[in-house]
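Hello,

Here is the structure I promised to pass on to you. Have a look at it first, and then read on for what turned up.

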Amino acid sequence: MWAEFSLTHAWLIPLLPASAFVLISFFLLSSPWLASRLAIVAMGSSFLLALGAAAAVLTQGITVEAPFVMKTVWFSMPGLSVDMGVLVDPIAATLLFVVTLITLLVLIYSTGYMAGDPGYCRFFAFISLFAASMLGLVIATNFLQMFVFWELVGLCSYLLIGFYFFKVSAREAGKKAFMTTRIGDFGLLLGILLLQITFRTLDFAELAVKVPAYVAENGAASLTFIAILIFIGPVAKSGQFPLHVWLPDAMEGPTPVSALIHAATMVVAGVYLIARSFAIFSVLPGALTVIAWLGVFTALFAAFIALTQREIKRILAFSTISQLGFMMLALGVGSLTSSMFHLMTHAFFKALLFLGAGSVLHALHDQADIFQMGGLRKSMPATCLMMGTAVLAIAGIPPFAGFFSKDEILVAAAHVSTPIYLLASLAAFMTAFYMARLFILTFLGKPNPHNHPHESGLSMLVPMGVLAVLSVVGGIIPFAMGFGEWVRFGPAHHAGIDWAVAGASTVISLLGFALAWYIYGGGHTRSNDLTIKTGALYTWSFNKCYVDEIYQWFNRTFVGGLARLSFWIDIHALGAVVDNAWRGTGAAGSEMRRLQTGQMQQYAAVMLSATVVLVILLAALTGSLVKGGQI
Amino acid sequence: MIGLSHYLLVSAALFGLGLFGLLTKRNLIAVLMSIELMLNSVNINLVAFSRYTAADASAGQVFSLFIIAVAAAEVAVGLALAYAIYRGRGTVSVDEIDWLKW
Amino acid sequence: MSLPILSMILFAPIVGVAVITCLPQTAGRMIKMVAGGAMWVCFFLASLMFVNYDWRVGGVQFIEQLAWLPDAGASYSLGVDGISAPLTLLMSVVGLSGIYSSWRIDKRIKEYFILFLLLVAGVAGAFVARDLLLFLLFYEVVVIPMYILIVVWGSTKRVTKEYAGMKLVIYLLIGSGFMLAGVFMLYVLANPAGQRTFDMTVLSQIGQSGVIPEKQQIVSFFLMMLGFATLASMWPFHYWSPDGHAGAPTAVSMVHAGLLKKLGAYGLLRVGLLMVPVGFKFWAPMMAAFGMMSVIYAAFICLTQSDMKYMVGFSSVSHMGYIVIGIATADVIGLNGAVANMFAHGIMTALFFSMIGHVYNTAHTRDIKDLGGLAHQMPKAAVGFMIAGMASLGLPGLLSFVAEFTIFTGTFATYPVVAVLAISGIILTALYVLRALADVLFGPRLTKWDALPDLKAPEMVPLVLLAAFLIGFGMFPSLLMNVINSGIEPLTPLLVKIKTAATLCGGL
């Protein structure tokens, strides 16, 4: 009953947080308690509906091939008809569950973390708006609806990253996020438009049929181009190289924002888009290859940079980029199941990592450099325990959640391409290493006497606890319950463990831990020596491979140059035509007025000559000169 | 015999004299006198034509009477203007009366 | 509706002028209230008209006709169809918002509001006219009040207000001159002497039936395009616009960008496309290319401007580029998008200028370099800026997105290269809008602006009204798109014919 209601009223899931946003913005901006409770109630209700929808999917046997769809026309004209609607299938249900749950937990956490902030109510309003947009994106039935909510999610990200808008760094970070994702949106929009004019529809279900048919007839070349254009959107949104640059700066936002948006929800929108339209991508091997290689490159690239970063949230940001690379690579090797599985488990442990980082930052009054931390396990035992759980999960140690999802990805990669598998394993090694580095430097060792930490309150610890539990069991339970039979594309996947790959990956992760312990375990001396020895490599990694600097140079030189050139042309070339026209007219006028000499006799002479000329002309024209007068 | 063409020649000569005076005389009064000459030449022209060619002999003569009246009025106004200019600016030399210019 | 609602809409501002003329110079508040009252009536009537427009039936509705110059074939003929109904509504909304944005005028209030209401009445007449001579009459009426308004109440920044006003008026009049030549060419060629008419419906039928020879159509449209495209600020005929914006007072800029430019685009559509289609087809590729240049060129220039009004002025040139491209596609989808964007951009730019006007009135500077952190002192204005900025970017949820997406869809099918380049404009737009928003609104609180008041009641009216339209139609676009489509869909046979027809030189 509840399941059935949730399914047919799935449009309530985004609507409830949207209403919370409207109510808070118009009426509750001065009532912090009411605003936060309203947001939490709305989100809680959405969560219950999401659970109901998921239950409905399971009980009614809704599959990816036969989803539940409800839609209505948004606007239409001959040749272009755009719908808005609800699509629920196992993939959507997974995301609905993850988004509503994590948002709810983050909202509860924020009642403690953001307490006392003058923008408290604004925060809850924006988070609600964000949740509404993200949920609208998840249930989208067609590319345009998804694009609409995609951009709205980007707007919320801009508003939330720039939440502390009085800080120049925050406002610049928000701008950067919006701009970078806009570049991605440009590619995505082009792809969508090409799809529209080729197939006259943007509906996922219809395209799932039409595109494979088209490719079977006409070959994959033109469609691959369109698919890659569409992929550019996720490249920006999900932080793939080279449009990843906004993610690390996005840490300017409050930590709950980082946990929610930049770990668990918004950034996976790109992965979700590809998953949602996987029917198109699966018949375009060229596109999949690009996705896979870019994914694995991103995973390695970001992990490389994370090795040397010192700010706790920045390490986590690059870790997110790296894990998103894993999710993309999973899609690229054709395994929708492992990608979605990793999306879910990553949401749990990454959100937990960020919330834990928030807890640490809260306690240390925003001291973010992990090299200034240490020994926090004594003063913040709960946080330490939960962060440790998350580290084990992300490193893929069995039986924690990350093990199952990452293992699936590695297995899928191994089946398709050995180089990708090896590179992915290398990235996994680096992941284990830098996460262990973070944990060791923050929680183990001797406490820094400058810090006076205290454990965080219950409002912050309880959500973290929930996530910690999910990081432990959030892998094994879906695995055992047959995640791969529901969330899949194509024939069902058996739930089995490839012990060779699993064993290898566990050993790799443990090696990563061991290396981290060796370098950082006993104080900073070994790490300092290593920093000096690795010299250039270290500098490259620490400076994020200078990608930001390259972009800024490009912006200043080309964009700025073209802008200044256009303005110059406007004033001096186009403008010169107009301005010289009026100056010329004026000059001509000045010259011509000299004809008015005031000399009466001159005027009379002119009149005489004109009359003579006119008479001659008239006579010539009418022929009377020739005829001869009758005089 | 004395025919129409003789009268026309005389009137043309008078007109030419008047025109020459209009265009070249320096004194404003002389210009006015030249204008009078031109008007009178036109009168001769009209009367000659009415005598030699027109069906209704009175048409041209009536027209000349009109012209005489108008010429008189115009000279009156012109001389009044000339006097006003002389009183205001102290000159009736056409070369110097060029204030309505750029 | 048996009420002559269009005449009432047209005469509401004129009655306002008449009443204000009788008021004494010193009754400032009374004058403003009368002006506001006149525009509220106009807005109310226009909304009534829009809601009652039956889009299922389509065609020209609310027709009124009176004899005017029967010998010339001109009559006082009013009517709206799917294209002009939304534009009439736009006129009333922007006009009303303009009145409230002018609430702080304190110099020669009476003359100001008389001229402003005349300006709005001119625009109203042009949109509802069904007689070509009436349309031309109102087209010319709008230009002169602009001059006086700019020269007396404007501001001198990079150029003097006298230069800005003079340039705007003369440039537009030159354009109108060419346009009149083209229109009269059409008038003379359409019918033999004695049977000539200015009726738009009849002229459209004649124009589309091929009575007028091709070469003449090409020349006629070229002349018309020079005029209409100038008013629509199509590159390279846009030079009058940025200085005109910067030199003008707030409400005049709102009308300039929000209404006048749409008038030019409307003329291209109503007179150009419908009455000389062959000529239109010949010049369409060039118009599309120039429209694209407008988009990109003006967007680049926006990046260099530090005066906000110059930035928004160039931005309106850029957005009009999209509209010109949409019209040039001669495609059902493209035209739908173009008309929708006329409405959307009109509202958006009015909102932007209104907010800038408030900042300028209180801070006495519009320079981005001087301003900063204004979100601290004026949060409501900041919200207004954000909504306008996001609409400029084409954020979904606001009407501009629907309009721009529709234009892109239509353009891609007809001129793919132009489409790709024009769409890249969304990146540039984001660049300059975000830069402006960040530098003006966000950042540390600057104590020198602490005394600035936030929006009070009169300035809130434009914000609420314009934002409501942007968001309302953005979330429920069919309310607008259905009406527009009912005006464009009947043109399908003509558009198909244009696409397949061969012309003299095969187009450019």
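Where in chain A is Cys545(A) found? It is in the loop between helix 25 (525-542) and helix 26 (547-592) of chain A. Before going further, please keep in mind that this is a predicted model.

Back to that loop. Most residues other than glycine have a negative phi. Cys545(A), although not a glycine, has a positive phi of about 55°. Tyr546(A) is placed in the loop between helix 25 and helix 26 of chain A as well, and its phi is also positive, near 60°, in a residue other than glycine. Tyr546(A), with a relative accessible area of 27%, is partly exposed.

Now the peptide bonds. Most peptide bonds are trans. The bond from Phe241(A) to Pro242(A) is cis, with omega near 0°, and Pro242(A) sits in the loop between helix 9 (221-237) and helix 10 (246-249) of chain A. In chain C, the bond from Trp235(C) to Pro236(C) is cis too, with omega near -5°. Pro236(C) belongs to the loop between helix 9 (214-231) and helix 10 (240-247) of chain C.

Trp235(C) comes up again around Ser294(C). That serine is in helix 12 (residues 277-302) of chain C and is buried, with a relative accessible area of 1%. Leaving out residues up to four places away in sequence, Ser294(C) touches Ser233(C), Met234(C), Trp235(C), Ala299(C), Val317(C), Ser318(C) and Gly321(C).

On to the aromatic side chains. Over all chains, the structure holds 58 aromatic pairs. One of them joins Phe123(A) and Phe163(A): the ring centres are 5.4 Å apart and the planes are at 80°, so the pair is edge-to-face. This pair links distant parts of the chain, 40 residues apart, with Phe123(A) in helix 5 (residues 120-138) of chain A and Phe163(A) in the loop between helix 6 (143-161) and helix 7 (168-199) of chain A. Both Phe123(A) and Phe163(A) are buried.

Phe404(A) and Phe479(A) form a tilted pair, with 5.0 Å from centre to centre and 40° between the planes. Here too, distant parts of the chain are linked: Phe404(A) is in helix 19 (residues 401-416) of chain A and Phe479(A) in helix 22 (residues 476-480) of chain A, 75 residues apart. Phe404(A) has 6% relative accessibility and therefore counts as buried; Phe479(A), at 14%, counts as buried as well.

Phe123(A) and Phe163(A) are also members of an aromatic cluster, together with Tyr120(A), Phe124(A), Tyr164(A), Phe165(A), Phe166(A) and Phe442(C).

Two arginines sit over rings. The charged end of Arg310(A) is over the ring of Phe371(A), 4.5 Å from its centre. In chain B, the charged end of Arg89(B) lies over the ring of Trp99(B), 4.2 Å from its centre.

Finally, the domains and the chains. In the domain assignment, chain A has domain 1 (290-542) and domain 2 (601-631). Taken over C-alpha atoms, the centres of domain 1 and domain 2 of chain A are separated by 104 Å.

There are 2 pairs of chains in contact, and chains A and C share the most contacts. Chain B and chain C are joined by no contact, and their closest C-alpha atoms lie 24 Å apart. Between chain A and chain B, 13 residues from chain A and 14 residues from chain B take part. The area buried between chain A and chain B is about 1,100 Å², with 60% of that given by carbon and sulfur atoms. On the chain A side, Gln599(A), Met600(A) and Gln601(A) lose the most area to chain B, together 42% of what that side buries.

Happy browsing, and best wishes

Notes. Residues are numbered from 1 along each chain as its sequence is written. Chains are lettered from A and ligands numbered from 1 in the order in which they are written. This is a predicted model: local features need pLDDT of at least 70, side-chain atom pairs count only at pLDDT 80 or more; totals for chains, interfaces and linings use all residues. Side-chain values use heavy atoms; hydrogens and water are left out. Rings of Phe, Tyr and Trp (its six-membered ring) pair if their centres lie within 6.5 Å; planes under 30 degrees apart count as stacked, over 60 as edge-to-face and the rest as tilted. Helices (H or I, at least four residues) and strands (E, at least two) are DSSP runs, numbered from the N terminus. Buried means under 20% relative accessible area, exposed over 50%, partly exposed in between (1.4 Å probe, protein chains only). A charge sits over a ring if NZ of Lys or CZ of Arg is within 6 Å of the ring centre and within 35 degrees of the ring normal. Domain bounds come from an automatic or database domain assignment. Contact means heavy atoms within 4.5 Å. Buried area is the accessible area (1.4 Å probe) that two parts lose on being put together, summed over both.
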